Amino acid sequence: MLQFDGRWRFDSPGPIESGVDDAFRDLINRIAGQAPRKSILEHFKSRFAAAANIQYWPSSNERFAAEDLTTAMSEAATNAPLFIEAFWLGCEELRLRHPEMVLPDAGRINRILTDTNAGYQLDPPMLVATRVHIPIAVPTPPPSLDVQARSLIEQALQASERALAEGNGRQAVQEVLWLLETISTAFRSPEVFDGTIQGRYFNKIIGELRLRGRGHQEQILQWMMTLHGYLSSPTGGGVRHGVDLKEGLALGIEEARLYCNLIRSYLTFLMAEHERLTRRAA
């Protein structure tokens, strides 16, 4: 097995980048030219099926073997490290069993990972992440946020992580953006500024907080409003009001992961700020 963050075996840090699966399948077809084609397809199919945690059954003929391999690769693609490991182990096993075969080495695989901006590089026996895949942690809600708020936060964060793992970036951003809007309503409580925050919606609430802020708080709240506005816009992130069909932008999974982490950092700030203001008012 390859060595990497063990948590990734149970919780995917994200799906494999588009293009890696096609490139790996092309290499498998080239490898299959050196041996009975069906046996090579079955060999790699068993590896990707194991990575996807699905049952492996031998195919009845070569055509079905190719189709079943594609299915297994598609299932395994939701977890990038396990997907890469499946292909690497498949190659290494063939290398040991058939030393006469020519197989792609780590350098060839790394070219594919680099060209597709996959975010990983092979340095056997290590699989190295070349960008951050771990989300920013959001702290446990402070006592000033009630039990219902704690439940909402946990459910939304889990839903966002699942969406990222499944490659659904827009849904992942929607979940944490909704959570940011929801947590902002905590500032309308009587304990904060004597209940003088009157806005009912995110921009109004944060705008009122910004007017009362100083220095860093004022700037951070302005950035928060800017991000929220951009992600809400049909010609920006388009995650709240739909996407403009003419001028809208596609939201890639890496952009979605970045936005999720930015929003999580703002959640951490808002929760800490609410606790600070509540303590000051006590």
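In this predicted model, helix H7 covers residues 169-184, a run of 16 residues. From its first C-alpha to its last, helix H7 reaches 23 Å, close to the 22 Å expected at 1.5 Å a residue. The buried residues of H7 include Ala172, Val173, Val176, Leu177, Leu179 and Leu180; Glu181 and Ser184 are also among them.

Glycine 169 lies in helix H7 as well. Is this glycine buried or exposed? Glycine 169 counts as buried because its relative accessibility is 6%, and buried means under 20%. Leaving aside residues up to four places away in sequence, glycine 169 touches Leu251, Ile253 and Ala256. The C-alpha atoms of glycine 169 and glutamate 254 are separated by 8.0 Å, although the two residues stand 85 residues apart along the chain.

The largest pocket holds about 700 Å³ of space. Of the 29 residues that line the largest pocket, Phe10, Asp11, Ser12, Pro13 and Ala165 are the closest to its centre. Two or more lining residues come from each of helix H2 (37-52), helix H3 (62-76), helix H6 (147-165) and helix H10 (253-281). The largest share of the lining, 7 residues, belongs to H6. The table divides the lining of the largest pocket by residue class.

| Class of lining residue | Number |
|---|---|
| Nonpolar | 12 residues |
| Polar | 7 residues |

Note on methods:
Residues are numbered from 1 along each chain as its sequence is written. This is a predicted model: local features need pLDDT of at least 70, side-chain atom pairs count only at pLDDT 80 or more; totals for chains, interfaces and linings use all residues. Side-chain values use heavy atoms; hydrogens and water are left out. On a 1 Å grid over the protein atoms alone, a cavity is a set of points where a 1.4 Å probe fits but cannot get out, and a pocket is an open set with protein on both sides within 12 Å along at least five of seven lines; lining residues have an atom within 4 Å of a point. Grid points are joined across faces, edges and corners, and a volume is the space filled by probe spheres set on the points. Helices (H or I, at least four residues) and strands (E, at least two) are DSSP runs, numbered from the N terminus. Ala, Val, Leu, Ile, Met, Phe, Trp, Tyr, Cys and Pro count as nonpolar, Asp, Glu, Lys and Arg as charged, and the others, Gly among them, as polar. The expected span of a helix is 1.5 Å times one less than its number of residues. Buried means under 20% relative accessible area, exposed over 50%, partly exposed in between (1.4 Å probe, protein chains only). Contact means heavy atoms within 4.5 Å.
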